[in-house]
Amino acid sequence: MASSKIKTLLVYKYLVEYSDENNPLSTTELINLLKKDGYSCERKSIYADIKTLNMVGFDILTAMSPKRGFFLASRNFELPQVRLLIDAVTSAGFITPNKTQDLVTRLEGLVSKNEANELVSQVYIDNNTKCDNEEIYYIIDALHDAIIEGRKVKFSYKRRNIDRENRKSYTERIFRVSPYALIWKDDHYYLVCNNEKYDNLMNLRLDRIRKIEMLDEPVRHISEVSEYTDYFDVADYTSKMFSMFSGETGEVKLRCHLDMREEIMDRFGARIPLKAVDSNHFETIIEAAVSDGLVSWIMNFGDKIKVISPDTLADSVKQKAQLIAQVYND
């Protein structure tokens with residue numbers, strides 16, 4: 001009886017690993033696979049195994065072409081979904097080359113071997129853009145636990161320097177922070193936290209964090225260090241950040257060329273109010289953290305966006321433009 005149960009499970013294992021709609025497994029192929037694992041059987045027992053597997057909820061169908069056989073019709077993830085996940089992993093700079101390859105291999109296990117081989121031929125990993133922090137899994141796990149438990153953490157924050165002779169060096173600072181959220185944005189993974197020396201929020205890159213330690217001290221309440229009174233609104237906070245630069249949040253009025261409509265709606269959502277001011281321009285008001293990140297974002301669009309208010313932001317954009325012009329005038 002035990003041998004029969006194992007055989008049925010092996011049939012399911014083969015279907016998971018080798019079958020898909022374009023590559024069904026014939027009865028003969030299933031019998032040969034079982035024989036390699038030390039089990040012999042007749043054709044009719046394969047049909048009984050398939051029937052049993054379908055009865056308990058596995059979606060196994062019979063294919064007539066390109067050949068007659070069985071295949072697993074439903075999986076937790078479809079091929080396009082796995083491709084999206086693999087693309088996300090390979091493009092994520094905070095995942096090391098070794099961990100990237102390991103994750104890609106695990107994701108390939110969600111589809112059949114034939115489909116996985118097709119995916120592998122299209123996967124490209126640019127190791128030049130990957131970090132070298134092999135602690136990243138442990139850091140993510142430790143920060144997740146600290147956020148859930150509401151406890152402070154202590155860690156070393158490592159940054160790279162290059163001097164005039166192109167010699168590389170590193171500086172490390174010790175931070176004690178209250179962690180509130182992990183955010184993946186602009187191809188980097190960030191910790192949103194409060195440095196206990198100040199009364200605001202800061203964003204730190206996870207790939208630069210080392211030697212993390214959870215402390216027994218409770219985190220500061222979010223209302224002490226931000227505009228949020230009851231809880232940290234991750235979606236609201238992220239929508240106001242540009243390149244994850246921190247800054248004081250406020251209303252920003254922009255005058256934009258009509259060509260910018262799609263760009264503005266893509267960045268701030270389709271519901272953002274757009275008010276026409278003439279045949280070529282519209283104005284809109286956004287909530288944003290006024291920072292160098294916002295200045296850089298505005299300058300990406302050249303003369304297509306003008307800051308109407310606040311004056312401090314308009315002056316920052318003007319000064320940045322003048323500095324760039326000076327570089328080319330010298």
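Arg106 is found in helix H5. The structure described here is a predicted model. Arg106 counts as exposed, because its relative accessibility is 58% and the cut-off for exposed is over 50%. In sequence, Arg106 and Ile86 are 20 residues apart. In space, their C-alpha atoms are 9.7 Å apart.

Ile86 also takes part in the packing of two helices. Helix H4 covers residues 79-91, and helix H5 covers residues 97-108. Their axes are 10 Å apart and form an angle of about 175 degrees. H4 is therefore roughly antiparallel to H5, since angles over 145 degrees fall in that class. From H4, the contact draws on Val82, Leu85, Ile86, Val89 and Thr90. From H5, it draws on Thr100, Leu103, Val104, Leu107 and Glu108. By class, 7 residues of the contact of H4 with H5 are nonpolar, 2 are polar and 1 is charged.

The buried residues of H6 are Glu115, Ala116 and Leu119. They cover an arc of only 100 degrees around the axis, so they sit on the same side of H6. An α-helix has 3.6 residues a turn, so residues three or four places apart point the same way. The buried residues of H6 pack against H4 and H5.

Helix H2 spans residues 27-36, and helix H3 spans residues 43-55. Their axes come within 10 Å and cross at roughly 95 degrees. H2 is therefore roughly perpendicular to H3, as angles of 65 to 115 degrees are classed that way. On the H2 side, the contact is made by Thr27, Thr28, Leu30, Ile31 and Leu34. On the H3 side, Arg43, Ile46 and Tyr47 take part. The contact of H2 with H3 has 5 nonpolar, 2 polar and 1 charged residues.

H3 also holds Asp49. Is Asp49 buried or exposed? Asp49 is buried, because its relative accessible area is 4% and the cut-off for buried is under 20%. Leaving aside residues up to four places away in sequence, Asp49 touches Lys7, Thr8 and Val11.

The strands come next. Strand S1 (residues 60-63) pairs with S2 in the antiparallel sense, over 4 bridges. A hairpin of 5 residues links S1 to S2. Within the pair, Ala63 stands opposite Gly69 of S2. Strand S2 itself covers residues 69-72. Gly69 and Phe71 point one way from S2, while Phe70 and Leu72 point the other way. All four named residues of S2 are buried. The pattern follows a general rule. In a regular strand the side chains alternate between the two faces of the sheet.

One example is Glu251, whose bridge partner in S10 is Glu287. As a general point, strands of a sheet pair through backbone hydrogen bonds, either parallel or antiparallel.

Two backbone features complete the description. The peptide bond from Ser309 to Pro310 is cis, with omega near 0 degrees. Pro310 is placed in the loop between S11 and H12. Lys211 lies in strand S7 (residues 209-218). Lys211 is not a glycine, yet its phi is positive, at about 50 degrees. With a relative accessible area of 61%, Lys211 is exposed.

Conventions:
Residues are numbered from 1 along each chain as its sequence is written. This is a predicted model: local features need pLDDT of at least 70, side-chain atom pairs count only at pLDDT 80 or more; totals for chains, interfaces and linings use all residues. Side-chain values use heavy atoms; hydrogens and water are left out. Axes are lines fitted to C-alpha atoms, for helices over the stretch in contact, and angles run from 0 to 180 degrees between N-to-C directions. Angles under 35 degrees count as roughly parallel, over 145 as roughly antiparallel, 65 to 115 as roughly perpendicular and the rest as oblique. Contact means heavy atoms within 4.5 Å. Ala, Val, Leu, Ile, Met, Phe, Trp, Tyr, Cys and Pro count as nonpolar, Asp, Glu, Lys and Arg as charged, and the others, Gly among them, as polar. Buried means under 20% relative accessible area, exposed over 50%, partly exposed in between (1.4 Å probe, protein chains only). The arc is that of the directions from the helix axis to the C-beta atoms. Two strands pair if DSSP finds at least two bridges between them.
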